[in-house]
Amino acid sequence: MFEIKKICCIGAGYVGGPTCSVIAHMCPEIRVTVVDVNESRINAWNSPTLPIYEPGLKEVVESCRGKNLFFSTNIDDAIKEADLVFISVLSNPEFLAEGTAIKDLKYPDRVLIGGDETPEGQRAVQALCAVYEHWVPREKILTTNTWSSELSKLAANAFLAQRISSINSISALCEATGADVEEVATAIGMDQRIGNKFLKASVGFGGSCFQKDVLNLVYLCEALNLPEVARYWQQVIDMNDYQRRRFASRIIDSLFNTVTDKKIAILGFAFKKDTGDTRESSSIYISKYLMDEGAHLHIYDPKVPREQIVVDLSHPGVSEDDQVSRLVTISKDPYEACDGAHAVVICTEWDMFKELDYERIHKKMLKPAFIFDGRRVLDGLHNELQTIGFQIETIGKKVSSKRFPYAPSGEIPKFSLQDPPNKKPKV
């Protein structure tokens with residue numbers, strides 16, 4: 001069997017960088033070169049400050065960079081010298097979760113390799129199998145044809161996104177009835193036929209994969225004349241959009257039906273904890289809806305650079321003209337963001353938000369002081385926070401025993417729960 005000694009990976013992003021770093025780490029006898037046209041990104045991979053944050057990634061890269069792991073912009077030479085080129089040779093879909101990518105790569109549930117059902121295709125499949133067998137048990141390496149491999153990737157993410165949208169739909173029902181969605185999720189998750197994974201209600205899923213892969217599935221179904229199937233999966237996206245709009249509407253309603261010129265602290269901008277990735281983050285959409293209503297946003301995230309937040313919010317599909325410069329401030333710490341705020345909105349489940357000094361925060365906020373927990377990170381602190389003086393609003397549960405009264409203005413809200421949000425055009 002042909003032995004692979006040199007691998008080239010085209011693309012040094014969130015998938016290519018970590019994946020090939022782990023391959024180099026686990027296969028010291030294989031030379032791995034990651035190439036990209038983006039020179040600044042490659043320079044970052046070759047520096048002490050990597051271009052992406054992922055727990056454990058820095059240690060893996062530093063253990064083999066310059067030995068058998070290289071990052072380069074010399075794409076042509078890397079391809080010519082390689083025995084195997086990722087992306088252009090085989091279908092090897094990744095099943096990584098940001099925040100646990102290194103663990104997922106070292107200890108995968110399965111590795112899926114698809115290839116053409118030709119002698120050449122099958123030789124390539126077996127050669128790549130041999131690479132993964134350095135650390136993955138053979139029974140966890142699945143080989144399929146190319147279509148099965150690609151559809152497996154789309155279907156896996158579609159099923160996970162579907163579970164999130166399903167529990168988020170139940171969260172709306174819980175808020176209307178007085179049930180607690182966490183208790184409901186625990187009860188149904190104990191059914192072994194269902195399981196307890198991906199039953200965490202929140203302000204909505206984000207990231208680069210879920211929406212993209214579900215929409216790819218919708219497109220395929222429409223192109224193949226399966227409109228009923230396309231509509232079924234489209235509802236997963238529609239429910240996610242609805243959950244974001246519903247949460248933003250709840251903030252506005254609770255703040256006496258207006259947030260115009262009010263300071264709102266947004267805690268968390270990444271789409272999930274333990275990553276700096278903001279792609280399709282629900283924080284972007286919540287910020288958009290609040291900016292459209294004239295709120296002044298003070299945003300803090302421990303891993304997302306200021307420049308990235310400004311770029312995301314300045315996108316033509318998110319804001320207009322000078323909205324960001326007028327209405328958005330990036331804070332250097334959570335206490336600065338909350339100082340003088342009318343409300344705190346938690347959009348990312350960073351562990352540090354459980355450990356903040358909320359008594360200190362309450363003293364500096366305007367009263368009545370609100371906390372909107374879009375990630376259910378403060379569930380164990382509700383009594384303490386209410387004793388301090390906060391009014392708590394959270395996903396899928398009625399917390400406050402009493403609401404501060406307000407007189408509805410009778411004005412028509414600027415956005416409707418039924419209207420689809422403006423989508424960011426694909427770049």
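1. Between domain 1 and domain 3 of this predicted model, zero residue pairs are in polar contact, with both residues required to be at pLDDT 80 or more. A polar contact is a pair of N or O atoms within 3.5 Å; within protein, one must be able to donate a hydrogen and the other to accept it, and residues adjacent in sequence count only if both atoms are side-chain atoms. The number of salt bridges between domain 1 and domain 3 is likewise zero (a side-chain nitrogen of Lys or Arg within 4 Å of a carboxyl oxygen of Asp or Glu).

2. The domain assignment, automatic or from a database, places domain 1 at 4–107, domain 2 at 150–237 and domain 3 at 246–392. The C-alpha centres of domain 1 and domain 3 are 35 Å apart. Seven residues of domain 1 and nine residues of domain 3 make the contact (heavy atoms within 4.5 Å).

3. About 630 Å² is buried between domain 1 and domain 3, 49% of it on carbon and sulfur atoms; this is the accessible area (1.4 Å probe) lost on putting the two parts together, summed over both. On the domain 1 side, Tyr14, Tyr53 and Glu98 supply 84% of the area buried against domain 3, more than any other three residues.

4. Residues are numbered from 1 along each chain as its sequence is written. Because the model is predicted, local features need pLDDT of at least 70 and side-chain atom pairs count only at pLDDT 80 or more, while totals for chains, interfaces and linings use all residues; side-chain values use heavy atoms, with hydrogens and water left out.
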